[in-house]
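Subject: Handing over the structure

Hi there,

Here is the structure I promised to pass on to you. Please have it open while you read, as my notes follow below.

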Amino acid sequence: MLFFSDNAAPVHPKVMEAIANANSADQAYDGDRWSNQLDDRFSQLFEQPVSVMWVPSGTAANCIALSELCLPHQAIICHKESHIETDECGAPGFYTAGAKLLHADGKGAKITPDTVLDLLNIIRPDVHQAQAAIISITNATEYGQTYAPQEVSALGALCRDKGLKLHMDGARFANAIVSRNCSPADMTAKAGVDALSFGCVKNGGMNAEALIYFNPKYMHHSQYRRKRAGHLLSKGRFLAAQLLAMLENDLWLENAKAANDAASIIADACGNRLIFPTEANEIFVRLSAQEAATLRSKGFDFYDWGEGQARLVTSWHHSKEDVMPLADAINAL
């Protein structure tokens, strides 16, 4: 009955088991045998050598990456409704010591090379204006829309042409990969992404995310940034164990598929109430205040998304049997 957020979902049993199995004496911080496997395991996943750092939150993953790729006097181009703009309490500016967020527009919270160029073309090349250093995109976006590898590649090509870096906020990266039926490498490394925040918590994890650099040179300073920000946990093996469990037998994709499939069932019931196509595990619908109250009176929990709109989010643990009562209730409105 809870469709408020995938952050509220239970931890997957295999992840919980992995945490329990890591409960033995080992090296502290990130010197343990679980943490030491991350680079190799993620390198296999992304088909090239990568450097991986565990952190306890998506905010930390995003902002440590941005602070590594953007100097304090520079600027970060992002959608005006991106997560780093609307839901991180100014953390990008805090971590980067003052870098400016430049807002692009675009339907479904997606940006394109054209919308980026619109911003770049009005920045004077002088010391009076912050010069852009990086583009940050969210995949899947705050409106549940996904970038195709070709769309990311187009942004990557623009970055190379303009001397910019490319960051991907992948809190729901698994949902985007399942939705687009593509390889993780095609969506990132092969498309020109420099840094990826690889989501785990929304996909069945407890408190672990992965910051992935496709150029290992960025890792050295980021290790100090993590420590300085208070995110170098002394028993980091419990975070590393969660990430490894997610990769084992593609659990991360299995979980995302379950969430996406559940969202599709609800979306089919919404019909012309849908505000955006449902491409991942978020459904945005038109509901009057009375209709929202009716659904809540039946026990369904969800997020109001402005006047006359609502957001419904499915999670890895939702089965068809779990979501059909909500679909039926929406049909009955």
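**The largest pocket**

Helix α3 (58-69) and strands β5 (165-170), β6 (195-198) and β7 each supply at least two residues of the lining of the largest pocket. Helices here are DSSP runs of H or I with at least four residues, strands are runs of E with at least two, and both are numbered from the N terminus. Before going further, please note that this is a predicted model, in which local features need pLDDT of at least 70 and side-chain atom pairs count only at pLDDT 80 or more, while totals for chains, interfaces and linings use all residues. Residues are numbered from 1 along each chain as its sequence is written, and side-chain values use heavy atoms, with hydrogens and water left out.

The pocket search works on a 1 Å grid over the protein atoms alone: a pocket is an open set of points with protein on both sides within 12 Å along at least five of seven lines, a cavity is a set of points where a 1.4 Å probe fits but cannot get out, and lining residues have an atom within 4 Å of a point. Grid points are joined across faces, edges and corners, and a volume is the space filled by probe spheres set on the points.

The volume of the largest pocket comes to about 430 Å³. It is lined by 27 residues, and those closest to its centre are N7, H83, A171, R172 and K202. Helix α3 gives the largest share of this lining, with four residues. By class, the lining has nine nonpolar, 10 polar and eight charged residues (Ala, Val, Leu, Ile, Met, Phe, Trp, Tyr, Cys and Pro count as nonpolar, Asp, Glu, Lys and Arg as charged, and the others, Gly among them, as polar).

How is α10 itself placed? M219, S222 and R226 in this helix are buried (buried means under 20% relative accessible area, exposed over 50%, partly exposed in between, with a 1.4 Å probe and protein chains only). Looking down the axis of α10, the buried residues fall within an arc of 55 degrees, so they line one face of the helix; the arc is that of the directions from the helix axis to the C-beta atoms. Y224 and R228, on the other side of α10, are exposed.

**A cavity**

One cavity of 30 Å³ or more turns up. The largest cavity holds about 30 Å³ of space, and H79, S82, A109, I111, S136, I137, T138 and Y147 line it. Strand β4 (residues 131-138) gives the most to this lining, with three residues. The lining divides into four nonpolar, four polar and no charged residues.

**Strands**

Strand β1 (residues 51-55) is largely enclosed by the rest of the structure, because five of its five residues are buried. S51, M53 and V55 lie on one side and V52 and W54 on the other, so both faces are covered. β1 runs antiparallel to β7 (residues 209-213), joined to it by five bridges, and the bridge partner of M53 in β7 is L211. Two strands pair if DSSP finds at least two bridges between them.

There is also an open sheet of three strands in the order β8-β10-β9, with antiparallel pairing. β8 (282-286) and β9 (303-304) stand at its edges with a single partner strand each, so one side of each has no neighbour in the sheet. Five bridges join β8 to β10 (residues 309-313), and E282 stands opposite V313.

**Cysteines**

How many disulfides does the whole structure have? The search finds zero, where a disulfide is a pair of cysteine sulfur atoms within 2.5 Å. For C63, the closest cysteine sulfur is that of C89, at 11 Å, which is too far for a bond. C159 is in no disulfide either, as the nearest cysteine sulfur, in C70, is 12 Å away. Both cysteines are buried: C63 has a relative accessible area of 0%, and C159 has 2%.
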